[in-house]
Amino acid sequence: MAIEPPLSSLPIRVAERGFYKGFSLDVTVTSKVVIGALILWAIIFPETSGRILNQFNGFILSNFAIWYVYVMAGFVIVCLALALWPAAGKLRLGQNHEKPEFSNFSWFSMMFGAGIGVGMLTWAVAEPIYHFANNPDVIQGLADAGAENNIRNAFKWSFLHWGFSAWSSYAITGLALAYFAYRRNLPLTIRSSLTPLFGKSLSGTLGHMVDIFAVVATILGVAQTLGFGVEQFVSGMYRIGLGNWMLNEDGTSSTAAILFAVVIIMVASTLSALSGVGKGIKWLSNLNMVLSIFLLGFFLLFGSTWFGLSALIMGTFDYVVALPKMIFTVWRPDGTETGDKLSGWQSGWTVFYWAWWVAFAPFVGLFLARISKGRTIREFVLGAMIVPAIMCFVWFTWAGGTAIDLELSGIAQGAINAAPDGGKIFVMTDILLSSVSFLAWPMAVLIVVLLMTYLVTSVDSAILIVNTINAAGDEGPKARPHIVFWGLALGGVVAALLLVGGLDAIKTAMVIGALPFSVVMLLMCASLIKAIYRDGLREKAGIDSIVARTV
C-alpha cells in the first residue's frame with residue numbers, strides 16, 4: 001500500500017464577524033447552552049436535579065467501573081511504551097531543530113500548578129489519614145486499621161490515585177494534541193488528535209461533538225477541583241480570623257462564605273486569564289512552586305522528617321511493585337461482606353479519581369501541549385508523567401506522613417482525624433508550631449495564599465483552554481467577553497452545585513461528564529500510535545512527515 005503524506009489541513013468553520021468572530025458557533029454555543037442549562041436546572045429544581053444526578057452516578061459507578069479501571073491502565077502502558085520505543089521517543093513535538101519555549105523550572109511549575117497543585121493542599125494530608133484507617137488491605141484482613149503494619153499500605157493506595165495513572169491521562173492527551181498541532185500544523189484542539197482515524201470528517205459534526213465533550217468535561221472537572229478548593233479556602237480564611245460567619249454550627253462552610261470565596265477566586269482568575277499564559281499564568285505558577293517548596297521545606301524541618309523519608313522510600317517501592325496488579329484489579333459486589341466493601345471502596349475512591357482525572361485531561365492535556373512545543377516525546381512523557389508523580393509522592397509522605405505520625409504517637413490526640421478534609425493541614429501545622437504558637441497564624445496565611453494562587457492558576461488556565469477549543473484551536477488573544485463568560489460560568493457551576501448538594505453534587509456531575517471523553521481519550525491512544533507508526537514508514541520512504549508552519 002502506497003504511503004501518502006500526512007493530513008495537514010483540517011478546516012473548521014468559524015464566525016467571520018459579530019460577537020463570535022473567530023469562534024466555532026457549533027462548539028461555543030452548544031457548550032454554553034449545556035453548561036447554562038445545568039446551572040439553571042440545579043438552581044430552579046434543586047431536589048429533582050440532585051435525585052436524577054445521583055441516579056446517573058449510581059448507574060455509572062455500577063456499570064462502568066471496569067471501563068474506567070482498564071482505560072486508565074491502558075494510558076499508563078501507552079505512555080511508557082511511547083517513551084521506551086526508540087523510534088517514537090526521539091521524535092520532537094515541533095520542527096526538528098525547535099527549542100522549548102519555557103525553561104524546565106517554568107515548565108514543571110505550570111504543569112504541576114495546573115495539573116494537581118490544588119489537590120495537594122487538601123489530599124496530601126487527608127488521603128493518607130483515610131487510608132491509614134481503611135483500605136483494601138484492611139478490608140481483606142491483611143493489615144490492621146490505624147496500626148503500624150498499615151502505614152505502608154496507606155501510602156501505596158494514595159500513590160495509586162496520584163501517581164503514574166493520573167499523570168498518564170494528562171500526558172496522553174497533551175502528547176496527542178502537541179504531536180498533531182506542532183508536527184502536522186493542525187489546529188490545537190481536541191478533534192485534531194483523531195485525524196489518523198477519522199480524517200477530514202472531523203471538520204464537521206463529529207469533530208464538533210468531540211470538542212463539545214472536551215469543553216463540558218473540562219468545566220465539570222475543574223469545578224470538582226474548585227469545589228474542594230473553595231471548602232478549604234473558606235476553612236483557611238476562618239482560621240486566619242475573617243469571622244465566625246464563614247462556618248455553620250456543624251463546621252461546614254456557610255452559604256455566604258461559599259459565594260464570597262467563589263467571587264474572589266473567579267475575579268482573580270478572570271483577570272489572570274485576560275493577561276495570557278506568558279504573563280499572569282506563568283508568574284502565578286512560578287510563585288506557586290516557590291511557596292510549595294517553602295511549605296514542603298517546613299514539613300521537612302518541623303515535621304516527621306525520618307518518618308516521611310522512610311514512607312517515601314518504602315511507599316514508592318510498594319507502589320511500583322504492586323502497580324501492575326492494582327491498576328488491573330476490579331472488585332465487584334458479590335454478596336459477601338468483604339466483596340461488597342471492596343467494591344464500595346473502589347467506587348468511592350479509585351473510580352471517582354479516574355473519572356476526575358479524565359475530566360481534567362482535556363484542560364491539562366491541552367495546556368501541557370501549549371507549553372511543550374519543542375520537546376521530544378521521551379522528554380515530554382518523563383516530564384509530564386514521572387516527575388510530577390514523584391513530586392506528589394514527596395508531598396504525601398512528608399505532609400501525610402507527619403499527620404499519621406502525630407496521630408500514631410498520640411501527640412495529635414485525634415485532632416487531625418476529627419478535622420474536615422480542608423482543615424486537616426491547618427490543624428497539623430498548629431500542632432507542629434504549638435511551642436512557637438505566634439508562627440501559626442503567618443503559616444496559615446501562607447497556606448491560604450498558596451491555595452489561592454493554585455486555584456487561580458487552575459481556573460484561569462481552564463478559561464483560556466476552553467476558549468482555545470471554542471476558537472478551533474486558535475491560541476491568539478480572545479475577546480474579553482468570552483473570557484469573562486467562562487469565568488462566570490465556571491463560578492456558577494461550582495456555586496450552584498455546592499449550594500444544591502455540596503461536593504457530592506459536583507462529584508456526581510463530574511463523573512457523568514467524564515464518561516464520553518474517556519472514549520475520546522482511548523481513540524487518542526490508537527490515533528497517536530497509528531500516526532507514529534505511519535511516520536516511521538514515511539521516513540523510510542523519504543516522505544517528510546513534519547509540516548512546516550505558515551506565518
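With which residue does Lys341 form a salt bridge, and how far apart are the closest N and O atoms? The partner of Lys341 is Glu337, and the closest N and O atoms are 3.0 Å apart; a salt bridge here is a side-chain nitrogen of Lys or Arg within 4 Å of a carboxyl oxygen of Asp or Glu.

1. Basis of the note. This is a predicted model, in which local features need pLDDT of at least 70 and side-chain atom pairs count only at pLDDT 80 or more, whereas totals for chains, interfaces and linings use all residues. Residues are numbered from 1 along each chain as its sequence is written, and side-chain values use heavy atoms, with hydrogens and water left out.

2. The pair in helix 15. Lys341 and Glu337 are four residues apart in helix 15 (residues 337-370), and are therefore separated by about one helical turn; helices (H or I, at least four residues) and strands (E, at least two) are DSSP runs, numbered from the N terminus. Lys341 is partly exposed, with a relative accessible area of 44%, while Glu337 counts as exposed at 58% relative accessibility, given that buried means under 20% relative accessible area, exposed over 50% and partly exposed in between (1.4 Å probe, protein chains only). Elsewhere, salt bridges that share partners join Arg184, Asp535 and Arg538 into one network.

3. A search of the whole structure finds nine salt bridges. One of them joins Asp211 to Arg191, the closest N and O atoms being 2.8 Å apart, and this pair links distant parts of the chain, with Asp211 in helix 11 and Arg191 in the loop between helix 9 and helix 10, 20 residues apart. Asp211 is buried, at 0% relative accessibility, and Arg191 is also buried, with a relative accessible area of 0%.

4. Asp430 and Arg239. The side chains of Asp430 and Arg239 meet in a salt bridge (2.6 Å, N to O). Because Asp430 lies in helix 18 (residues 424-432) and Arg239 in helix 11, the pair ties together parts that are 191 residues apart in sequence. Asp430 is partly exposed, with a relative accessible area of 27%, and Arg239 counts as partly exposed at 33% relative accessibility.

5. Leaving aside neighbours within four places in sequence, Phe517 is in contact (heavy atoms within 4.5 Å) with residues including Ile190, Phe213, Val358 and Met524.

6. Val210, in helix 11 (residues 205-239), counts as buried at 6% relative accessibility. Val210 and Phe517 are 307 residues apart in sequence and 7.8 Å apart in space, C-alpha to C-alpha. Not counting residues up to four places away in sequence, Val210 touches Ile190, Arg191, Leu194 and Val520. Ser169, found in helix 9 (residues 164-182), is buried at 0% relative accessibility, and its contacts, leaving aside neighbours within four places in sequence, are Met72, Phe75, Trp357, Ala361 and Met521.

7. Helix 8. Eleven of the twelve residues of helix 8 are buried, so this helix is largely enclosed by the rest of the structure; among the buried residues are Asn153, Lys156, Ser158 and His161. At 1.5 Å a residue, the twelve residues of helix 8 (residues 151-162) should span 16 Å, and the end C-alpha atoms are 17 Å apart, which agrees; the expected span is 1.5 Å times one less than the number of residues.

8. Points to inspect in the loops. Asn185, in the loop between helix 9 and helix 10 (195-198), has a phi near 60°, a positive value in a residue other than glycine, and counts as partly exposed at 26% relative accessibility. Gln413, in the loop between helix 16 (377-408) and helix 17 (415-418), has a positive phi of about 55° although it is not a glycine, and is exposed, with a relative accessible area of 74%.
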